[in-house]
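Student: I am new to this structure and would like to be guided through it. May we look at it together and proceed step by step?

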Amino acid sequence: MRGLFVTATDTGVGKTALSAALAAAMAAAGQPVRAYKPVLTGLDADARGSDAWPPDHELLGSAAGMSPEEVAPLRYGPAASPHLAAALEGANMDRASLLGHAQAAAAGAAAANASLIVEGVGGLLVPLTDDYTVCDLARELQLPLLIAARPGLGTINHTLLTLQAARAAGLEVRAVVLTPWPQRPTAIERSNRETIARLGGVEVETLARVGRPARDELARAGEALPWRRWLG
Ligand SMILES: Nc1ncnc2c1ncn2[C@@H]1O[C@H](COP(=O)(O)OP(=O)(O)O)[C@@H](O)[C@H]1O
Ligand SMILES: [Mg+2]
């Protein structure tokens with residue numbers, strides 16, 4: 001199965017922006033694509049606050065032409081790590097059910113001859129259940145990794161730590177994507193890009209800031225990324 005697993009150095013970095021941009025660009029290019037978010041948390045109104053962006057599964061669904069529920073079969077209200085969010089709701093989310101959903105998403109993509117864009121949850125070492133991390137799931141799906149990272153101060157350490165964890169787990173990292181990349185990057189931001197590439201031995205690309213989370217804008221930003229080569 002062709003696809004990409006999108007993780008990040010932290011939560012709120014740009015996984016959804018990157019995943020939706022990739023899915024929208026593929027759809028706009030006539031390439032079949034499916035999106036999958038293994039676990040979605042923070043759907044409670046008070047947890048969402050005044051974020052102007054729609055929840056992940058809505059944005060990914062709109063980009064990939066799927067229903068939000070199909071994108072994210074497991075959804076919880078509390079804005080907490082998945083293992084805690086499920087527990088707070090008294091839900092029984094174990095490794096087997098998680099894997100079942102992931103395998104169904106992979107089979108759906110394979111049957112449609114589509115690429116699968118998986119948006120991870122938080123960062124690589126986030127527990128999905130008490131004994132199963134995002135990293136474990138990425139290994140199970142056997143998809144190459146993209147790492148969304150911030151352009152500014154602090155990103156070198158976070159990105160190199162994530163690279164180290166990914167490689168220690170045997171995951172193949174296609175690229176780091178700095179997001180949102182400003183129109184006029186500062187000297188620090190340009191230096192960060194070069195430093196991560198050099199110290200991490202990794203391809204570093206950038207995703208432009210989209211003005212609003214609309215399909216055409218996301219597709220335009222995503223089309224600037226070498227996703228055809230990444231899917232290779
Ligand atoms: N390329 C981008 N264009 C516009 N906003 C971005 C971009 N990348 C990140 N952001 C901003 O950062 C916030 C967090 O991004 P998001 O994709 O939701 O992160 P994650 O999925 O990793 O939690 C978004 O609400 C958005 O405002
Ligand atoms: Mg997200």
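Student: Which residues coordinate the magnesium ion (ligand 2)?
Tutor: The model is predicted. The donor atoms lie at 2.0 to 2.2 Å from the magnesium ion, and along the chain they follow the spacing T-x39-D-x62-E. The coordinating residues are Thr 16 through OG1, Asp 56 through OD and Glu 119 through OE.

Student: How many residues apart in sequence are the parts that the pair Asp 56 and Glu 119 ties together?
Tutor: Asp 56 belongs to helix α3, residues 56-64, whereas Glu 119 belongs to strand β3, residues 115-119. Both Asp 56 and Glu 119 are buried. Because one lies in α3 and the other in β3, the pair joins parts whose separation in sequence is 63 residues.

Student: Which element gives the largest share of the shell around ligand 1?
Tutor: Ligand 1 is surrounded by 15 residues, and Thr 16 and Ala 17 are among the closest. Elements that give two or more residues to this shell are β7 (173-181), β8 (204-208) and α1 (15-28). The largest share, 3 residues, comes from α1.

Student: Is Thr 179 buried or exposed?
Tutor: Thr 179 lies in strand β7 and touches residues including Val 13, Ala 148, Arg 150 and Leu 207. Its relative accessibility is 4%, and a residue under 20% is classed as buried. Thr 179 is therefore buried.

Student: What arc do the buried residues of α7 cover around the axis?
Tutor: In helix α7, residues 134-141, the buried residues are Val 134, Cys 135, Leu 137, Ala 138 and Leu 141. They lie on the same side of α7, because the arc they cover around the axis is only 160 degrees.

Student: What covers the buried residues of α7?
Tutor: Helix α7 is followed directly by Gln 142, which takes a positive phi of about 55 degrees. The cover over the buried residues of α7 includes β1, α6, β3, β4, β5 and β6.

How values were computed: Residues are numbered from 1 along each chain as its sequence is written. Chains are lettered from A and ligands numbered from 1 in the order in which they are written. This is a predicted model: local features need pLDDT of at least 70, side-chain atom pairs count only at pLDDT 80 or more; totals for chains, interfaces and linings use all residues. Side-chain values use heavy atoms; hydrogens and water are left out. Donors are N, O and S atoms within 2.8 Å of the metal (3.2 Å for Na, K and Ca); water is not among the atoms, so sites may look incomplete. Helices (H or I, at least four residues) and strands (E, at least two) are DSSP runs, numbered from the N terminus. Buried means under 20% relative accessible area, exposed over 50%, partly exposed in between (1.4 Å probe, protein chains only). The arc is that of the directions from the helix axis to the C-beta atoms. Contact means heavy atoms within 4.5 Å. A residue is near a molecule or strand if one of its heavy atoms lies within 4 Å of it. Lists of a residue's contacts leave out its neighbours within four places in sequence.
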